[in-house]
Amino acid sequence: MTAPDTGNDGRLPRTGKIPYGGDYNPEQWPERVWDDDHRLFSRAGMDTLTVGVFSWSLTQPAEDAYDFGLLDRVLARAARAGRHIVLATGTAAVPPWLAKRYPEVNRTDFEGRRHRYGQRHNFCPTAPAYRRLATAMAGRLAERYAGHEALLAWHINNEYGGVCHCDLCAEAFRGWLRERHGTLDALNDAWWTAFWSHRYTDWDQIEPPSALTEHWRGPDHTAFQGITLDYQRFMTDALLGCFTAEKEAIRVHDPDTPVTTNLMGAYRPLDYHRWAPHLDFASWDNYPPPDAPPTRPALAHDLIRGLKDGAPFWLMEQTPSTTACRDVNPLRRPGELRLATWQAVAHGADAALYFQLRASLGACEKYHGAVIGHAGRADTRVFREVAALGEELAQLGDLTLGARTPARTALLFDWDSWWALEISDGPSRLVRYPDVVHTYYRAAREAGADVDVVPVTADLTRYDVVLAPVLHLIRGDLPTRLEELTRRGGTFLATFLTARCDEHDRAFPTDVPGPLAGLLGIRVDEWDARPQDVIQPVRMGESCHDARLVFEIVQPRGAEPIATYGADFYAGTPAVTRNRFGDGEAWYVATALDPSGVDDVVRRVLDRHGLVGPYAHLPAVETAGRVTPAGEHLLFLLNHAPAPAHLTAHTAATDLLTGKRYARGEPLALDPLGVAVLRPR
Ligand code: GLA
Ligand code: ZN
């Protein structure tokens, strides 16, 4: 793999306002329709079109034939209208001729079945034919369009993901393992192969984990966590290798234009922290499940922002109205699109793009929402909402571009811990990493704190509070950096199942919680896991909360109990502890507290640093701060309730969306699903 060429600060496309537009597939339409499209784009305030995402079979109809005629006309048409192009390399869906000629390019699944041609995201990441042809396509496109007046950014591939289990990948995995472990002794040690007679004496004996080898009952049940973890890391790197190869090919012809690929938020199969240094800027596709609370997309926004050290990101896709891929696809209610888009901007999005601008007439996405429906009308509710939003976003001009989030709270997010926890046999398969992470994130956000969701390698010196929910694996110098945080007065919070194992998922040969035991001032010898319906009452001061799933039995070794279990043989022992360490505190929550319990703990932690926000008593009102490059602190207010919210302005401010001025202490009403962007004055 090549070294990242942008460092972590990256490089965003330069625009004078929030780019607005989205995925556009004019190749599906006769060219006379394009004029209608552009007329409608103008009416909707759209200035940015993502093109070419699925056009490989057109741009290269045969191995030795390239045809960029259509793309030339698409770009020329956009340039004539003064619109920007985000140009995709189109390598996420291989053309039929390629799969036929090089069958090894088709993926092999977890059960070992070599697939035949079909669908998309269907390429083996290590197949040389795929790498060669995808890279050649990226290079050709860059050669042709570098410097084009419409070109704003490069969009490599599309939603990289999935896994391949073919023989080529097995061989590449062995090579990757040699690089990672160096010797078979080191590998045997890392994987703990004395267990079940697995000692490897030749690299060739190593089989990738699959249904035919170490797994049973699917990808989460493995006999060797170390092997499966390494395969997940390897697959992350293999797909990343496809990205960096295309990026290099682009860079040969175009040294400047920013390059990205559209990520998928908290997507388990790929460790995006390994990708981050290679992206010029981060972008992602936001399709929250219909029943998700607003803190779910918020968490994903903050995670994506955390990839580039807090730099703004792009919202590359969202539906203006409805998805098609779910069994049941609810419609976004009036106002919901606007609220979701402002939420993205509030969390650091510097672009707001849709999938898709005009709806397909055929195939599996024909019912997917679009700005322009099958009939090509502008007088639909969806079009009107999209156009009104375009106008509203344009009102901000360039004010929010480049603005940073002033977070004093960090939440550590770690793919290794996610994988390790969910492929672990014991203590409980009911503990789901994103759920616990979300519970803590939600508590901090609803208390009004801005939160950076960051990797364990992040610089922690800028934070007052660091939250580490179920951080199962601990590696590197993290324990030392957490001690430094606490020593200088910060607050650290960890939960059950944190710091259990090293980077290879081997338990520490010490007391639990391993290298954090001293900082947390506790020792855990036993833990009890129970079914979902078993509730353990936890008493915290005057209040009582429910706890579930895992109950660790904590022996204080310097820490003081903050809450205690109320039942079973460990009744009266601590469920939550606090250890004073230097000038700060280290908290431990030994069980899966219900949301009100987590609120209770997290608000006490935030309160110590004055981080509970002025509207924390209104759970439906989300607040998020951004500091503009000029140093102005903007505060976004987002009312997620279908009823009005009545606030009292916490400071003298102007709402940038209405121009209304508020004195400090003056009533401020938000409409149902309403938004305000407060600029202090
Ligand atoms: C993804 C893809 C798009 C489209 C949408 C539909 O985000 O990138 O091509 O399939 O989903 O929701
Ligand atoms: Zn493969």
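Within strand S12, Val466 is the bridge partner of Ala410, where strands are DSSP runs (E, at least two residues) and helices likewise (H or I, at least four), numbered from the N terminus. The model is predicted, so that local features need pLDDT of at least 70 and side-chain atom pairs count only at pLDDT 80 or more, whereas totals for chains, interfaces and linings use all residues. Side-chain values use heavy atoms, with hydrogens and water left out, and residues are numbered from 1 along each chain as its sequence is written.

Strand S10 (residues 409–412) runs parallel to S12 and is joined to it by 3 bridges, two strands being paired if DSSP finds at least two bridges between them. S12 is also joined, through 4 bridges and again in parallel, to strand S13 (residues 491–495), in which Leu493 stands opposite Leu467. From S12 the chain passes through helix H15 (residues 478–487) to S13 in a right-handed β-α-β crossover, that is, with the strands pointing away from the viewer, the path from the first strand over the helix to the second runs clockwise. Side chains in a regular strand alternate between the two faces of the sheet. In S12 (residues 465–468), Val465 and Leu467 point one way and Val466 and Ala468 the other, and all are buried (under 20% relative accessible area, 1.4 Å probe, protein chains only).

The largest nonpolar core has 200 residues, and Trp342 and Phe492 have the most contacts inside it; such a core is a set of buried Ala, Val, Leu, Ile, Met, Phe, Trp, Tyr and Cys residues joined through side-chain atoms within 4.5 Å. Helix H8 (residues 225–253) contributes the largest share of this core, 12 residues.

Notes
Chains lettered and ligands numbered in written order. Buried < 20%, exposed > 50% of the residue type's maximum accessible area, 1.4 Å probe, protein only.
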